[in-house]
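Good morning, and thank you for the time on today's agenda.

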Amino acid sequence: VLGFKRQQQDQKGLECITPLVNSVEETPESIATEVSGTIPTWIRGNLLRNGPGKFEFGNQHYNHWFDGMAMLHQFKIVDGKVTYRSCFLRSDAYKKNSERDRIMVSEFGTVAMPDPCKNFFLRFLSRFEMIEATDNASVSFVKYKGDYYVSTETNFMHKVDPESLETMNKVDWTKFVAVNMATAHPHTDPDGTAFNMGNSYGTKGALYNIIKVPSTKNNPDETLEGAKVLCSIIPADKSRPSYYHSFAMTENYVVFIEQPIKMDLLKIITSKLRGKAISQGVYWDPKLDTVFHLVDKHTGKVSRHPLSVFHQINAFEEDGFVMLDMCCADNGDAIKNYLIQNLRKSGEALDQVYNTTSRAFPRRFVLPLNVNDDTPTGVNLNTRPASSATSVKTAKDEVVCHFEDLHGDDLFEYGGLEFPQINYSKFNTRPYRYFYGCGFQHLVGDSLLKMDLKEKKLKVWYKKGMFPSEPVFVPSPEAVDEDDGVILSVVVTPTEDKSTFLLVLDARTWEELGRAEVPVNIPYGFHGAFNSTA
């Protein structure tokens, strides 16, 4: 994969966002919100959100944004009215930390130090224990076999009641398939069959694994029964596999992106012994290529196609090619900039953090499916007239791809785009025209963007000092057009106390329909889902 440095505009005088990463209290009982404007009465369901909401226990503080204890949020929408509730996920990590009022379980950027109440010998021995995988599932809401789970990037998930937000049973991927973790971004076929990816670690090194989970249960208490590893992919370096946050999927293929964000397994395994966080073993190696692996969902056969990527937008097959659309940055250092201390900076120090963080932009790669010994080398295999992306066979088993931009120059003004979403139920794995995301003129999203692939134009919702979350598309009943529906986003305002609101935009016109103001403070979160109750 080839890439070039993108234009990046520096910012000055960024607003301090410390309140967005401060601990808040939970609101376990539903409370009313104040609605202004109009929220369409056809919207019936729960907007479920997940993200960190507690950043310290006692006098011990987490170091990284990803470390905070998972807080679950529910915006229940019925008949044009909205209620809100929230609660902390009752994970084992949360319970252990709460019982001792100190950090007992290590997270991505924070290592749990030995208990000072133990004698010296026991504290010394505890350094040699294997690091315990956290079950602090703070990334997203995901769905398997019709049930909702909250997930992170370890082997643990928690089943959650979407109505009460009650933490139900804890589920361990390792009890069902031979993987040590799974992503928080699975994909789902129209019949409900789910696909995910997870690493496994053994004496011979790491493997990347494609996981398939059936769509139905044989009994009501089932969780991941029937899950299987569809195939395994060997990393280029088994002792330093790539970090990945998500993957892409078409109708017939899973597309795995092996990127130059690497994990030093020796450093990670010995992190507790050395008193270092797991994050210290994750690094960016710009000398390496990004490699696309295509896996046939039906046979498990792997094809190898020779940026940093957190989120894919969509992927689909057309004319013998896979169109792979992703939000790509030109380096992978951004993950280290999201330390809590960086997010809480102000003035020139905050500007410097932002201006040294690479922004993500939407790009399309066109991957040829039918490459064989007879395919000519040195010529662009992508002959589609409307596409500027290139795919050139350079050797027997290698195709080098160069992307095309999915945006115009106006996107540079808004700091690129992340947290991409589409009309997933109708257009996932299919040709599509629109996608939605957050603009990033700050370290967190500060605008909502609608991108038109046909015109390569964008529409913007921006209010100074307001920070919207990932947009969630909800289609209108009997919708025909792709953008017939609404966008839901939770907007937080750090300069005002208790000023969070649920924003409802008309997805077609991008005009504000209404908002529901919540009289409690909410931190900035990661991902969520809409649970329809219509």
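This is a predicted model: local features need pLDDT of at least 70, side-chain atom pairs count only at pLDDT 80 or more; totals for chains, interfaces and linings use all residues.

Residues are numbered from 1 along each chain as its sequence is written, and side-chain values use heavy atoms, with hydrogens and water left out.

Let me begin with the strands. Helices (H or I, at least four residues) and strands (E, at least two) are DSSP runs, numbered from the N terminus. Two strands are said to pair if DSSP finds at least two bridges between them.

Please look at the open sheet made of four strands, whose order is β8-β9-β10-β11 and whose pairing is antiparallel. Which strands stand at the edges? They are β8 (140-144) and β11 (167-172); each has a single partner strand, so one side of each is left without a neighbour in the sheet. On average, neighbouring strands of this sheet are turned by 35° against each other, direction ignored. For that angle, axes are lines fitted to C-alpha atoms, for helices over the stretch in contact, and angles run from 0 to 180 degrees between N-to-C directions. Within the sheet, β9 (residues 147-151) pairs with β10 (residues 156-160) in the antiparallel sense over three bridges. Serine 151 has methionine 157 in β10 as its bridge partner.

Further along, β13 (residues 194-202) and β14 (residues 205-213) are joined by nine bridges in the antiparallel sense. These strands form a hairpin, with two residues between them. Phenylalanine 195 stands opposite lysine 212 in β14. β14 also pairs in the antiparallel sense with β15 (residues 228-233), over five bridges; there, isoleucine 211 has valine 229 in β15 as its bridge partner.

I turn now to the aromatic rings. A pair of aromatic rings is described by the distance of the centres and the angle of the planes. Rings of Phe, Tyr and Trp (its six-membered ring) pair if their centres lie within 6.5 Å; planes under 30 degrees apart count as stacked, over 60 as edge-to-face and the rest as tilted.

How many aromatic pairs does the structure hold? There are 22 aromatic pairs. In one of these, the ring centres of phenylalanine 292 and phenylalanine 365 lie 5.1 Å apart with the planes at 70°, so the pair is edge-to-face. Phenylalanine 292 and phenylalanine 365 are both buried; buried means under 20% relative accessible area, exposed over 50%, and partly exposed in between (1.4 Å probe, protein chains only).

In another pair, the ring centres of phenylalanine 361 and phenylalanine 412 are 4.9 Å apart and the planes are at 55°, so the pair is tilted. This pair links distant parts of the chain, 51 residues apart: phenylalanine 361 belongs to strand β24 (residues 361-368) and phenylalanine 412 to helix α8 (residues 410-413). Phenylalanine 361 is buried because its relative accessible area is 2%, and phenylalanine 412 is buried because its value is 8%. There is also one aromatic cluster, formed by Trp65, Phe66, Phe108, Tyr338, Tyr524 and Phe526.

Next come the polar contacts, meaning pairs of N or O atoms within 3.5 Å; within protein, one must be able to donate a hydrogen and the other to accept it, and residues adjacent in sequence count only if both atoms are side-chain atoms. Threonine 134 lies in the loop between α2 (120-126) and β8, and is buried because its relative accessible area is 10%. Its side chain makes a polar contact of 2.8 Å with the side chain of glutamate 107 and reaches the backbone nitrogen of asparagine 136 at 3.0 Å. Aspartate 330, in the loop between β23 (321-329) and α5 (334-337), makes a side-chain polar contact of 3.4 Å with arginine 363.

Finally, the annotation. An unreviewed UniProt entry places the feature "binding site" at His185, His245, His311 and His527; UniProt positions are given in the numbering used here, feature names are shortened, and annotations may be inferred rather than shown by experiment. Is histidine 185 buried or exposed? Histidine 185 counts as buried because its relative accessibility is 16%, and its place is in the loop between β11 and β12 (187-188).
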